[in-house]
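Visitor: I am new to protein structures. Could you walk me through one, a question at a time?

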Amino acid sequence: MFDLQENLLSWVIFLPIAGIGILLALEAAGRIFMSRRLSDRSWRVAGMGFALGNFGLSLMVWQRFDPIDGGLQLVERSAWIPDLGIQYYVGVDGISLFLVVMTGFLLPVTLLASWTDIASRVKQYVFFMLCLQTGMMGAFLSMNLFLFYLFWELMLIPMYFIIGIWGGPRRLYATLKFFIYTMAGSLLMLVGLLVIYYLNAQQFGFLNFDYIGYGGASGIIDTLIPTAGAPWWQTQFWLFLVFGLAFAVKVPMFPFHTWLPDAHVEAPTPGSAILAGVLLKFGTYGFIRFAMPLFPEAAVELSGLVFGLGVAGIIYGALVAMIQQDIKKLVAYSSVSHLGFVMIGLFAMNLQGLEGALLQMVNHGISTGALFILIGMIYERRHVREISEFGGLAKVMPVFATFFLIATFSSIGLPMLNGFVGEFLILLGTFAAAPWVAVLATTGVILSAVYMLWMYRRVFFGPLTNEANRGLLDLSAREKIVAVALTLPMFWIGIYPASFLRPMDAAVSELMRTMEQRGADIASHNGGQSALASLPAETPGRVSWLREPDASAEAAE
Amino acid sequence: MTAPDLDLGAVAPLCVVAVGAALMPLLDVLLGRTKTFLSRPVTAAWAGTVMSLATTGVLSIALVMCFDAAGAAPRTFNRDHPMILMDGMTSFLNIVILIGSLLTALASGKFLADLAINRGEYYALLLAAVLGMMLLVASTNLMMLFVGLELMSIPIYAMAGFRRDSLRSNESALKYFLVGSFASGILLYGTALIYGATGTLSLLEIGARFDVDDPVLLIGSGLLLVGLAFKIATVPFHQWAPDVYEGAPTLVSGLMATTVKVAAFGALLRVFQMAFGPIDDLLYPALWVMAVLTMTVGNVMAIIQQNTKRMLAYSSVAHTGYLLVGILVGTQVGISAVLFYLLAYTFMTLGAFGVVAVLAHAGRERERIADLAGLANSRIFLAAVMTICMVSLAGIPGTAGFMGKFYIFRAVVEQAIATESSSLLWLAVIGVLNSAISLVYYLRVPMVMFMREPEPGPEPDRSGTFEGLVLAVCAAAVILLGIWPEDLNLILTRVDVLHWASVASASP
């Protein structure tokens, strides 16, 4: 049961919360037997240890991952509430692999970055951060929809406290808004989930929450969800809207994004970094994992809407970011813009678009996470974030300015850095599916260069006007470690994306096959045409220089 | 005339509680006169603890008996005239009632001492009320139902006014008494009309002889339902709840919000399943509207409350709405969902009231939500328990509250798919939207506890050992039921509507 080889994914999920258990037990034992408390520092160090262990385990998942296999790997499944078809069922595939690795990576980095920043109620801070990690890992790895829903909602609670306790002046409003928006969206999904669950039970004769059937058995993904000829609430169209709403709030897609700037501005640095880095990914992950394969007909039917909202988000987010006075708010709005890219990439529904979107999810996690952490470093020194407060920082903090520049370029999508690969693939895929959308989205690339570089110039270049900035210290050794750790993957993905794209190939092809198959099933059920038939069967224009030839040959078939 | 065929074993748990209720005043007197046989008299605090432990002991014995009975075949007290039925559902509801009252009794010792109302009759009243509740959920006859209802209500009226020197406690008792007797009157009138129309008081006989076109019978049924609706506080019969819960001593409010409601729901379930089967179609729209109103009004009104107890009162109204949804579905799945929900609800609501009760300090209760400010700094244990209860009441996964809602909504959707009924699906949609509304006020409590600085004032007392134990049990149960509800499912499968049918064939 505790075998590291057999139960690797469970270790990944539960190590953080087990760490909490150990720390709480030590704390209690210390109070009772020695009447002393553990120091804040020991909680911090132990929390860091568990976070690093978690990262190590997630790397082990990557190392053991077989890139040729498009299905679930490292699967664990055991009965939980068998009467209702609820299993403890976890598995990883090419879609979730790098999200898991990125989640594992971001926790130790943010903990290290907030080492001195979060000085009050340290124990509670470590507690909530580790709980959050378990929730996020669990949601990425769950293959039983009930289990997924559990983790999906559970991770909101620690984030609620992280923003609410250590946040800025308007933190109470922001955290409540964050919680209610995301939870209200997903509550309707629960009803949709139950509808599919009973449709599945009707068709297969037993209650089952497993998403992908285990060992050849049927799963929720095999449910035939009608497009017509059933009560409206059983059709793909409405169910997609319900699922889509839950995910769109989380992405957040325009116009459901209003909670995001509030939450980001008020959240403490680690909260912002995790929120932008991981939590937002659950929206896009939900689309690619659940909403699109479950309701392919509706996804195609509504792709125009998604494209429209995606492009609106890209341009609106960029324009609003441009006029922000607060650096953090600027980055928050840039997230709206960048996630618009991910959304159009997903709904291009071809290999490049999907892989680009997946890669861009990871990229955005690292780049935006890095930006928030770097902003946190300057905020810790000056306790202001207004752009006008700064200017000429490059003179007093050259190292900081360098790392900030790299993160800025990564966010813009400069070649050789991670953002470029993702955006390029997305635009390539989108162009094949909907040229005009790609054209409009490209303006977002330009706009992002405008607002990011303009901000960078105002903060770092020019004369050192504000006296308060004159004595600022450059990065400490600890901060340098954080900055280097964040910069390395940016270069890695930018220079050699093949190591990330290869493991995705098989899974994404598998996903597209599933969607086509389900489209064909529903077409034969309706005795008519499937909207998916209009998708190109072969995906043209593979970008050979982005990947090694043997991998693309394997993935092609 | 032959001797009646009585099965005393069937009602053994009720007997235990009845004997306990009778002996408790005696124990009180004995504890007051310890001077005569002990070298020094016990202090009032000690006497209170002994009383509270004795009550807990009595309730534990009954609880163990009910656990034994839960797996057995259904039994009736008088085999010739089955007025008391001990089947799976009765046993389950008895278990819930006994757990709730047991936890209350255990926490009462220090609570009563803190408020300087440490008097022994409290425990006698408590046991009498528990006896009434157990009778209420076991009755299959309208007369027995009425007896159970009154036996439950009258001690609770007295307990609500137990702080004799407090104006609000008196107001609470009087209000509860007036509304309660009014409801009893309506219920009794309905019973009389039903008896007049059918010539029987047995629920099963009423069901068998139900003439859907008889206006007298329909009016009688309506009045019976209204009487019960008052007791469980559904909209529009809920207005008494906030005032009464606010004024009563906090633990008594907890008892009213949990076990009393459980018992009344048990009676409602019986009446629906046994007697009102023929008018399901007539009741459906009325109950649909009532459930939606109860959920929505409860949740919306709770948002604007500043007093924790009033907030919990409206929250309990809202939860009544979710429970009504389960009753409305009426399938086996729906009923077992209601039963599970009642158990989950008892733990989380008792935990919440328990925290407010522990904060009672030197005769003053800290009741405003603002009084909880900074509790996470001074009393992290209380804050943690309260947070767990609030999260569970809000229905966030990983807690009993979520599993309860999940069971209810799954029953709704199952029935909606089976019958292709959109109105049922809307009920599920309105239910989850209500859950979203409820987040606003449930989350405010942890927000105040964790994210606000405490107001200057005396530090809250440390919780006593037993209080702490009760709170820990509630919090642990909320989480365990949320993560491993499966063992409980085994009990629930024994709650079989079919058992009632077998009793029906046995009755003359």
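Visitor: How many residues of strand β2 (residues 86-92) of chain A are buried?
Guide: Keep in mind that this is a predicted model. Strand β2 of chain A is largely enclosed by the rest of the structure. The number buried is seven of the seven residues.

Visitor: Which residues of β2(A) point the other way from A:Ile86, A:Tyr88, A:Val90 and A:Val92?
Guide: In a regular strand the side chains alternate between the two faces of the sheet. Here, A:Ile86, A:Tyr88, A:Val90 and A:Val92 point one way, and they are buried. The residues pointing the other way, buried as well, are A:Gln87, A:Tyr89 and A:Gly91.

Visitor: Which residue in β2(A) is the bridge partner of A:Gln73?
Guide: Strand β1 (residues 73-81) of chain A pairs with β2(A) in the antiparallel sense, over six bridges. The two strands form a hairpin with four residues between them. The bridge partner of A:Gln73 is A:Val92.

Visitor: Which residue caps the N-terminal end of α5(A)?
Guide: Helix α5 (residues 145-154) of chain A has nine of its 10 residues buried, so the rest of the structure largely encloses it. Among the buried ones are A:Phe146 and A:Trp152. At the N-terminal end, a side-chain oxygen lies 3.1 Å from the backbone nitrogen of A:Phe146. That oxygen belongs to the capping residue, A:Asn144.

Visitor: What angle lies between the planes of B:Tyr157 and B:Tyr176?
Guide: A pair of aromatic rings is described by the distance of the centres and the angle of the planes. The centres of B:Tyr157 and B:Tyr176 are 5.3 Å apart. Planes over 60 degrees apart count as edge-to-face, and this pair is edge-to-face, with an angle of 80°.

Visitor: How far apart in sequence are the parts that B:Tyr322 and B:Tyr341 tie together?
Guide: The ring centres lie 6.4 Å apart with the planes at 40°, so this pair is tilted. B:Tyr322 is in helix α12 (residues 308-329) of chain B, while B:Tyr341 is in helix α13 (residues 332-358) of chain B. Both tyrosines are buried. The parts they tie together are apart in sequence by 19 residues.

Visitor: Is B:Asp7 buried or exposed?
Guide: B:Asp7 meets B:Arg75 in a salt bridge of 3.1 Å, N to O. This pair ties together parts that are 68 residues apart in sequence, because B:Asp7 lies in the segment before α1 of chain B and B:Arg75 in strand β1 (residues 75-76) of chain B. B:Arg75 is partly exposed, at 37%. B:Asp7 has a relative accessible area of 10%, so the answer is buried.

Visitor: About how many helical turns separate A:Glu510 and A:Arg513?
Guide: Their side chains meet in a salt bridge (3.2 Å, N to O). An α-helix has 3.6 residues a turn, so residues three or four places apart point the same way. A:Glu510 and A:Arg513 are three residues apart in helix α21 (residues 498-526) of chain A, so they are separated by about one helical turn.

Visitor: Which residue forms a salt bridge with B:Asp114?
Guide: The closest N and O atoms are 3.3 Å apart. B:Asp114 is buried, at 18%. Its partner is B:Lys110.

Definitions and conventions. Residues numbered from 1 in each chain as written. Chains lettered and ligands numbered in written order. Predicted model: local features only at pLDDT ≥ 70, side-chain atom pairs only at ≥ 80, totals over all residues. Heavy atoms only, no water. Phe/Tyr/Trp six-rings, centres within 6.5 Å; stacked < 30°, edge-to-face > 60°. Buried < 20%, exposed > 50% of the residue type's maximum accessible area, 1.4 Å probe, protein only. Pairing = 2+ DSSP bridges. Polar contact = N/O pair within 3.5 Å; in protein donor to acceptor, adjacent residues only side chain to side chain. Salt bridge = Lys/Arg side-chain N within 4 Å of Asp/Glu carboxyl O.
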